Amino acid sequence: MDETIRKCGAYTVHLRWFITRGMVQTLETERLCFPHPWTRDEFVEFLRHRDQIGMVAEIEAKQRIVGHMVYKLTRRAIYCENFAVHPEYQRLGIGSFMLDKLKSKLRPPERRRLLFPVSEANLDSQLWFKARGLRCVRVDRNYWPGSELAAYVFQFRVPSEAGVD
């Protein structure tokens, strides 16, 4: 399953690479979703690295970016550092579409895990990930420099063929 277009509610949503022309809409979503949103410079700095990728969810007919995810690929896992859907477009399946896209990038037996740090204060996200089968595997008290909040690290893991994890 490696699709990039899906019907989400009444909208046709396209997942595409993050490019700077969509930054204003991405920053709007970021501001509406998080008490400590990423800045333009933080997005640019993160995406400057070859192994770090950004994608956006765009409603094709409106050319409106309604979600984004930025993640780091490693040999063994994908670390999704930022994952958000604009509040006006939540509960339409856009986040699930984005999550499915990340799952499609897993390549067992090597890359078998997706990891998402979620703020301890973000109960809605914790419940959303849990409802999609992810588990909180650890609490990291120092995940975000300068923040008092801990990160609950949620994981999706492809089981090994031998059944041993």
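Predicted model: local features only at pLDDT ≥ 70, side-chain atom pairs only at ≥ 80, totals over all residues.
Residues are numbered from 1 along each chain as its sequence is written, and side-chain values use heavy atoms, with hydrogens and water left out.

Pockets were searched for on a 1 Å grid over the protein atoms alone: a pocket is an open set of points with protein on both sides within 12 Å along at least five of seven lines, while a cavity is a set where a 1.4 Å probe fits but cannot get out, and lining residues have an atom within 4 Å of a point. The largest pocket is lined by 41 residues, and Cys-33, Phe-34, Phe-83, Asn-122 and Ser-125 are the closest to its centre. Two or more lining residues come from each of helix H1 (23-33), E5, helix H3 (94-104), strand E6 (113-119) and H4. The biggest contributor is E5, which gives six residues. Helices (H or I, at least four residues) and strands (E, at least two) are DSSP runs, numbered from the N terminus.

H3 is mostly covered, with nine of its 11 residues buried. Buried here means under 20% relative accessible area, exposed means over 50%, and partly exposed is in between (1.4 Å probe, protein chains only). The buried set in H3 includes Phe-97, Met-98, Leu-99 and Leu-102, and also Asp-100 and Lys-101.

On to the rings. Searching the whole structure turns up 11 aromatic pairs; rings of Phe, Tyr and Trp (its six-membered ring) pair if their centres lie within 6.5 Å, and planes under 30 degrees apart count as stacked, over 60 as edge-to-face and the rest as tilted. In one of them, Trp-38 and Phe-43 have ring centres 5.0 Å apart and planes at 55°, so that pair is tilted. Phe-43 has 0% relative accessibility and counts as buried. Another tilted pair is Phe-83 with Trp-128, where the centres are 5.7 Å apart and the planes are at 40°. Phe-83 belongs to strand E5 (residues 77-85) and Trp-128 to helix H4 (residues 123-131), so this pair ties together parts that are 45 residues apart in sequence. Phe-83 is buried too, at 14% relative accessibility. Ring pairs also link Phe-83 and Trp-128 with Phe-116, Phe-129 and Phe-154 into a cluster.

A charge gets involved at Phe-156: the charged end of Lys-103 sits over that ring, 4.4 Å from its centre. To count, NZ of Lys or CZ of Arg has to be within 6 Å of the ring centre and within 35 degrees of the ring normal.

What about the cysteines? The structure holds zero disulfides, a disulfide being a pair of cysteine sulfur atoms within 2.5 Å. For Cys-8, the closest cysteine sulfur is that of Cys-33, 16 Å away and too far for a bond. Cys-8 is buried, with a relative accessible area of 1%. The sulfur of Cys-33 has its closest cysteine sulfur in Cys-80, 13 Å away, which is again too far for a bond. Cys-33 is partly exposed, at 22% relative accessible area.

Most residues other than glycine have a negative phi, and most peptide bonds are trans. The peptide bond from Pro-108 to Pro-109, however, is cis, with omega near 10°, and Pro-109 is found in the loop between H3 and E6. Gln-63 has a positive phi, near 50°; this residue lies in the loop between strand E3 (52-59) and strand E4 (64-73) and is exposed at 59% relative accessibility. Arg-91 also has a positive phi, near 70°. Its place is in the loop between E5 and H3, and Arg-91 counts as exposed at 82% relative accessibility.
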